[in-house]
Amino acid sequence: MADYAKDVLVSTDWVAEHLNDDGIRIVEVDENPALYAEAHIPGAIGFDWKHDLQDQVKRDFLSPAEFGALMGSRGISNDHTVVLYGDRNNWFAAYTYWYFLYYGHDKAKVINGPREKWIGEDREATDEVPSYPETTFTATEPNEAIRARRDEVAGALGASTKLVDVRSPQEYSGELIAMAGYEQEGAQRAGHIPGAISVPWAQAVNDNGTFKSADELRDLYSSKGVIEDSKPVIAYCRIGERSAHTWFVLHELLGLDNVVNYDGSWTEWGNLVNVPIEKDV
């Protein structure tokens, strides 16, 4: 598909043809979880990113045991290929894909296009919640090679590592701490990490939410200076979901090995004491 480095995308046609394939579990993860209850792909399992996929006490991932228990309870085993999609051009679908790889499950794919594409094509949809037999899912120890922590980000300042800020231009410049409607996910300070390159995540997709071709993506990130001589790349946004989308583009679609997602992102960095920021306003 469009000469991407890895076979990680499936079309809506492919999904329609595999709705009854028991080796597949379709998973919807939306920025707005209420959308799943309205209509979803038949058989799709719905996850609430905030309540299902996050520790409810600390802002962090579930433990390997908790992640495995959640998947097993919803009928997802290590043998299943997980096919992900969601709203907002697959923000949280890409985030959940990254999450699965973090815990060692690389049998995962993303639908090339968000839920709006499926609905807009007048394909079959339902409000029925599937019930799959409980099974066993064993998560491996975390793959830290695809995740950046704040100390790694601090160590990248002034180094050859490329930092890419995928938020809106207004967030990057410091005009806004968070987008309108997302003030609860803000920080004490506005701006960006020093030296970060601004490439808003949505520049990677077409008007219908499908990903641009590999050549277009390579040209985009090369022209902005993100792709340069195999230098390491750290992507960040506000809470880690938009940057997971950019990580997916760079790591999976373009095949760059040394790319990580800083999921602490601006809500962590902008609240840290005694770390530098830059502002353009």
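Leaving aside neighbours within four places in sequence, leucine 253 is in contact (heavy atoms within 4.5 Å) with Tyr4, Ala5, Val8, Leu9, Phe211, Leu217 and Phe248. The model is predicted, with local features needing pLDDT of at least 70 and side-chain atom pairs counting only at pLDDT 80 or more, while totals for chains, interfaces and linings use all residues. Residues are numbered from 1 along each chain as its sequence is written, and side-chain values use heavy atoms, with hydrogens and water left out.

Leu253 also belongs to the largest nonpolar core, which holds 63 residues. A nonpolar core is a set of buried Ala, Val, Leu, Ile, Met, Phe, Trp, Tyr and Cys residues joined through side-chain atoms within 4.5 Å; buried means under 20% relative accessible area (1.4 Å probe, protein chains only). Phe47, Phe67, Met71, Tyr97, Tyr221, Phe248 and Leu253 touch the most other members of this core. Helix H4, residues 91-102, gives the most to the core, with eleven residues. Apart from this core lies another, of 16 residues, including Ala156, Ala187, Val260 and Tyr262.

The secondary structure comprises ten helices and nine strands, taken as DSSP runs numbered from the N terminus (helices H or I, at least four residues; strands E, at least two). Of the 281 residues of the protein, 54% count as buried. Among contacts with a separation of 6 or more, 77% join residues 24 or more positions apart. The C-alpha trace spans about 50 × 40 × 35 Å along its principal axes.

Technical notes. Buried < 20%, exposed > 50% of the residue type's maximum accessible area, 1.4 Å probe, protein only.
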